[in-house]
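Q: I have a new model to read, and I would like to learn feature by feature. Can we go step by step?

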Amino acid sequence: MAQTENRSGLSRPAAGLIVAAVLGFSAVLGRRNAPDSTHPRTRRWYKRLDKPDYTPPDAVFGAVWPVLETGLAVGGYRLLRQPATTKRNVAAGLWLLNSAMVGGWTELFFRRKALGPSALAAGAMVATGASYVATAARVDRPAAALGAPFVAWLGFATLLAVRIRQRNGEHG
């Protein structure tokens, strides 16, 4: 029997609520693990790590992530508003996975100080992020375009995470 597809996407309020909940949860996790003045032990540990010369200053991280997360939010919203086809559902699932992985990465790197697993997780995020962009492109090109900077940044972040792991051992 052929699969019946829903020809309407989620309502604006439902799509907005899902995006806010998913990215809000990820942001709470990230904030909980941030190496800033509210987490002095984490900040000291992070500052002491031997990092490559191309590590951006803290202010760059603070400026880049809101832009990337805004792109993910708008892209996720656009996808959820599309008709519920198999392609849309796969793209939305990959969006959800990547959004959740951002918060999970901060848990590995900053809270658990697990440099090896966090480097592996960053690499996995590049793969799943690229899959998200490729899948979203078949559903909503602007959503895919909004995810491309996220994948590019993840590629850089993976390189950085691998080098930090190589320079500092497993737990820095």
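A: Start with the nonpolar core. A nonpolar core is a set of buried Ala, Val, Leu, Ile, Met, Phe, Trp, Tyr and Cys residues joined through side-chain atoms within 4.5 Å. Buried means under 20% relative accessible area, exposed means over 50%, and partly exposed is in between (1.4 Å probe, protein chains only). The model is predicted: local features need pLDDT of at least 70, side-chain atom pairs count only at pLDDT 80 or more, and totals for chains, interfaces and linings use all residues. Residues are numbered from 1 along each chain as its sequence is written, and side-chain values use heavy atoms, with hydrogens and water left out.

Q: Which residues touch the most other members of the largest nonpolar core?

A: The general idea comes first. In soluble globular proteins, nonpolar side chains tend to be buried together. Here the largest core holds 38 residues. Phe109, Tyr132 and Phe150 touch the most other members.

Q: Which elements supply this core?

A: Elements are read from DSSP runs: helices are H or I, at least four residues, strands are E, at least two, and both are numbered from the N terminus. In this core, α1, α2, α3, α4, α5 and α6 each supply at least two residues. α4 gives the most, with 9 residues.

Q: How many aromatic pairs are there?

A: Rings of Phe, Tyr and Trp (its six-membered ring) pair if their centres lie within 6.5 Å. Planes under 30 degrees apart count as stacked, over 60 as edge-to-face, and the rest as tilted. A search of the whole structure gives 10 such pairs. Take Trp45 and Phe109. Their ring centres are 5.5 Å apart and their planes are at 65°, so this pair is edge-to-face.

Q: Which parts does that pair tie together?

A: Trp45 sits in helix α2 and Phe109 in helix α4, so the pair ties together parts that are 64 residues apart in sequence. Trp45 and Phe109 are both buried. They also belong to one aromatic cluster, formed by Trp45, Tyr46, Trp105, Phe109 and Phe110.

Q: Which charges lie over the faces of Tyr46 and Trp45?

A: A charge sits over a ring if NZ of Lys or CZ of Arg is within 6 Å of the ring centre and within 35 degrees of the ring normal. Lys51 lies over the face of Tyr46, at 4.3 Å from the ring centre. Lys113 lies over the face of Trp45, at 5.2 Å from the ring centre.

Q: Where is Lys113 found?

A: Lys113 is in the loop between α4 and α5. Its phi is near 55°, a positive value in a residue other than glycine. Lys113 is partly exposed, with a relative accessible area of 23%.

Q: What is the volume of the largest cavity?

A: Learn two words together. On a 1 Å grid over the protein atoms alone, a cavity is a set of points where a 1.4 Å probe fits but cannot get out. A pocket is an open set with protein on both sides within 12 Å along at least five of seven lines. Lining residues have an atom within 4 Å of a point. Grid points are joined across faces, edges and corners, and a volume is the space filled by probe spheres set on the points. The search finds 1 cavity of 30 Å³ or more. The largest cavity has a volume of about 40 Å³. Its lining is Leu23, Ser26, Glu69, Leu72, Ser99 and Val102.

Q: How many residues line the largest pocket?

A: The largest pocket has about 790 Å³ of space. It is lined by 30 residues, of which Pro35, Phe61, Trp65, Thr106 and Phe110 lie nearest its centre. α6 gives the largest share of this lining, 8 residues.

Q: What classes make up that pocket lining?

A: Ala, Val, Leu, Ile, Met, Phe, Trp, Tyr, Cys and Pro count as nonpolar, Asp, Glu, Lys and Arg as charged, and the others, Gly among them, as polar. The pocket lining has 20 nonpolar, 5 polar and 5 charged residues.
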